[in-house]
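Here is a short note for a colleague opening this model for the first time. Please keep the structure in view while reading the points.

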Amino acid sequence: MTDHELLRRFEAVDLAEFRHLDHVRVAWAVLERDGEAGALETMIHGITRFATAKGAPEKFHYTLTRAWLALVADARARVPHAADAAAAHR
């Protein structure tokens, strides 16, 4: 599944689970789509919605979301040629 397909399914709450690697991949795609200015709001809304739909609203943590998003944004800046999160590791 591509990062963009994962993002689409995440936003539709059409995933059985949302693992740590999925967070990174979705953050990468959101940063690409929404830019840094809109990405935090998108991630906050998306994770809150997903966690609530799965019966675990306490799973959302603002500080961790903000920190991970900043780390992914930094990684994207360091490898601007990478098409997706997986390509950043190549």
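1. Overall size. This is a predicted model. The chain has 90 residues and a radius of gyration of 12 Å. A compact globule of that length would come near 12 Å, so the chain agrees with the rule. Along the principal axes, the C-alpha trace spans about 40 × 25 × 20 Å.

2. Fold content. How many helices and strands are there in the chain? The chain has three helices and zero strands. Read along the sequence, the pattern is α-α-α.

3. Burial and surface. Of the 90 residues, 34% count as buried. The chain exposes about 5,800 Å². Carbon and sulfur atoms supply 56% of that area.

4. Charges. The chain carries 12 positive and 13 negative charges. Their mean positions are 2 Å apart.

5. The core. The largest nonpolar core has 23 residues. Which residues have the most contacts inside it? They are Phe10, Phe18, Val26, Met43 and Leu69. The elements giving two or more residues to this core are α1 (3-11), α2 (20-53) and α3 (62-78). Of these, α2 gives the most, with eleven residues.

6. Val26. This residue is among those with the most contacts inside the core. Leaving out residues up to four places away in sequence, Val26 touches Leu6, Leu7, Phe10, Phe18 and Met43. Three of those partners, Phe10, Phe18 and Met43, are also on the list of residues with the most contacts inside the core.

7. Ile47. This residue is found in helix α2. Is Ile47 buried or exposed? Its relative accessibility is 8%, so Ile47 counts as buried; the cut-off for buried is under 20%. Apart from neighbours within four places in sequence, Ile47 is in contact with Phe10, Phe18, His23, Phe60 and Thr65. Take Thr65 from that list: Ile47 and Thr65 are 18 residues apart in sequence. Their C-alpha atoms are 8.7 Å apart in space.

8. Gly46. Helix α2 also holds Gly46. At 11% relative accessibility, Gly46 counts as buried. Gly46 and Glu11 are 35 residues apart along the chain. Their C-alpha atoms are separated by 6.1 Å.

9. Arg25. This charged residue deserves a look. Arg25 lies in helix α2. Its relative accessible area is 16%, so Arg25 is buried. Which residues does Arg25 touch, not counting those up to four places away in sequence? The partners are Met1, Thr2, Asp3, Leu6 and Ala85. One of them, Leu6, is also touched by Val26.

10. Val13. Please check the backbone here. Val13 is found in the loop between α1 and α2. Its phi is near 50°, a positive value in a residue other than glycine. Most residues other than glycine have a negative phi. What is the relative accessible area of Val13? The value is 21%, so Val13 is partly exposed. The cut-off for buried is under 20%.

How values were computed:
Residues numbered from 1 in each chain as written. Predicted model: local features only at pLDDT ≥ 70, side-chain atom pairs only at ≥ 80, totals over all residues. Heavy atoms only, no water. Helix = DSSP H or I, 4+ residues; strand = E, 2+ residues; numbered from the N terminus. Rg over C-alpha atoms; globule rule 2.2 N^0.38 Å. Buried < 20%, exposed > 50% of the residue type's maximum accessible area, 1.4 Å probe, protein only. Areas by Shrake-Rupley, 256 points an atom, 1.4 Å probe, with all protein chains shown as cover. Lys, Arg positive; Asp, Glu negative; His and termini not counted. Charge placed at Lys NZ, Arg CZ, Asp CG, Glu CD. Core = buried A, V, L, I, M, F, W, Y, C linked by side-chain atoms within 4.5 Å. Contact = heavy atoms within 4.5 Å.
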